Amino acid sequence: MKRTEIVARTEELAAPIIDENDFELVDVEYVKEGANWYLRVYADKEGGITIDDCVLISRALEEKLDEEDFIKDPYILEVSSPGLGRQLKKEKDFQRSLGEKVECRLYKAVDGQKEFEGILKDFTEETVTLASDSGDMVINRSDIAAIRLAIDF
């Protein structure tokens with residue numbers, strides 16, 4: 001089974017658990033780090049997700065994953081909050097982040113610069129518009145390596 005299929009099937013299994021507890025499924029990833037495979041589920045809810053919420057999701061999902069047993073490699077299941085510097089991936093991530101300060105990293109430099117910061121002003125399927133002191137900048141989404149909420153300390 002391919003990585004994309006594992007992610008899609010995990011999302012299907014997690015959805016009812018997430019929905020019945022009024023959580024939001026933010027992302028699922030299946031990645032190899034070092035010698036280990038990790039199946040990561042990121043969930044959130046209004047006011048933030050707690051450790052107890054993560055344990056609840058983890059136990060219920062683990063049971064379903066064990067029943068179906070569709071992942072051939074040994075893996076570690078992690079359920080957590082998307083964190084402060086969450087990446088914007090889905091339409092709802094962009095929608096929720098309108099008016100927020102974001103950091104955008106590009107695959108290739110534009111005018112010698114690969115990283116930009118600004119207020120997420122608008123987005124479409126093809127572009128993202130950032131507002132900054134130097135004016136609006138429209139960036140093709142296909143050029144974006146990563147875009148996330150900016151963290152100010």
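Guide: A salt bridge is a side-chain nitrogen of Lys or Arg within 4 Å of a carboxyl oxygen of Asp or Glu. Please also keep in mind that what you see is a predicted model.

Visitor: What makes arginine 96 and glutamate 24 a salt bridge?

Guide: The side chains of arginine 96 and glutamate 24 meet at 2.8 Å, N to O, and the rule asks for a nitrogen within 4 Å of a carboxyl oxygen, so the pair is a salt bridge. Side chains of opposite charge can pair when their charged atoms come close. By this rule, the count comes to 15 salt bridges.

Visitor: Which parts does the pair of arginine 96 and glutamate 24 tie together?

Guide: Arginine 96 belongs to helix H3 (residues 91–97) and glutamate 24 to strand S1, so the pair links parts that are 72 residues apart in sequence.

Visitor: What elements does the protein chain have, and in what order do they run from the N terminus?

Guide: The protein chain has three helices and eight strands, and from the N terminus on they follow the order α-β-β-α-β-α-β-β-β-β-β. Along its principal axes, the C-alpha trace of the protein chain spans about 55 × 35 × 30 Å.

Visitor: Why are H1 and H2 called oblique to each other?

Guide: Helix H1 (residues 3–20) and helix H2 (residues 51–68) pack at an angle of about 135°, with their axes 10 Å apart. Angles over 145 degrees count as roughly antiparallel and those from 65 to 115 as roughly perpendicular, while those under 35 count as roughly parallel and the rest as oblique; the angle of about 135° falls in the rest, and H1 and H2 are therefore oblique to each other. The crossing of H1 and H2 is right-handed.

Visitor: Which residues of H1 and H2 meet?

Guide: From H1, the residues in the contact are Arg9, Thr10, Leu13, Ala14, Pro16, Ile17 and Ile18, and on the side of H2 they meet Leu56, Ile57, Ala60, Leu61, Lys64, Leu65 and Glu68. Sorted by class, this contact of H1 with H2 has ten nonpolar, one polar and three charged residues.

Visitor: What makes S1 and S3 the edge strands of their sheet?

Guide: Three strands form an open sheet in the order S1-S2-S3, with mixed pairing. Strand S1 (24–33) and strand S3 (75–80) each pair on one side only, and they are the edge strands. From one strand to the next, the twist averages 15°.

Visitor: What is the order of the open sheet of five strands, and which are its edge strands?

Guide: The order is S7-S6-S5-S4-S8, and the pairing is antiparallel. S7 and strand S8 (144–149) are the edge strands, since each pairs on one side only. Neighbouring strands of this sheet are turned by 40° against each other on average, direction ignored.

Visitor: How do you know that S4 and S5 pair, and what lies between them?

Guide: Strand S4 (residues 101–110) and S5 share six bridges in the antiparallel sense, and the rule asks for at least two, so they count as paired. Arginine 105 stands opposite glutamate 115 in S5. S4 and S5 form a hairpin with two residues between them, and aspartate 111 in the turn has a positive phi of about 55°.

Visitor: How many bridges join S5 to S6, and how many join S6 to S7?

Guide: Four bridges join strand S5 (residues 113–123) to strand S6 (residues 127–132), and six join S6 to strand S7 (residues 135–140); the strands run antiparallel in S5 with S6 and in S6 with S7. Isoleucine 119 has alanine 131 in S6 as its bridge partner, and alanine 131 stands opposite aspartate 136 in S7. A hairpin joins S5 to S6 through three residues, whereas the hairpin of S6 and S7 has two residues between the strands.

Note on methods:
Residues are numbered from 1 along each chain as its sequence is written. This is a predicted model: local features need pLDDT of at least 70, side-chain atom pairs count only at pLDDT 80 or more; totals for chains, interfaces and linings use all residues. Side-chain values use heavy atoms; hydrogens and water are left out. Axes are lines fitted to C-alpha atoms, for helices over the stretch in contact, and angles run from 0 to 180 degrees between N-to-C directions. A crossing is left-handed if the near helix is turned anticlockwise from the far one by less than a right angle, and right-handed if clockwise. Contact means heavy atoms within 4.5 Å. Ala, Val, Leu, Ile, Met, Phe, Trp, Tyr, Cys and Pro count as nonpolar, Asp, Glu, Lys and Arg as charged, and the others, Gly among them, as polar.
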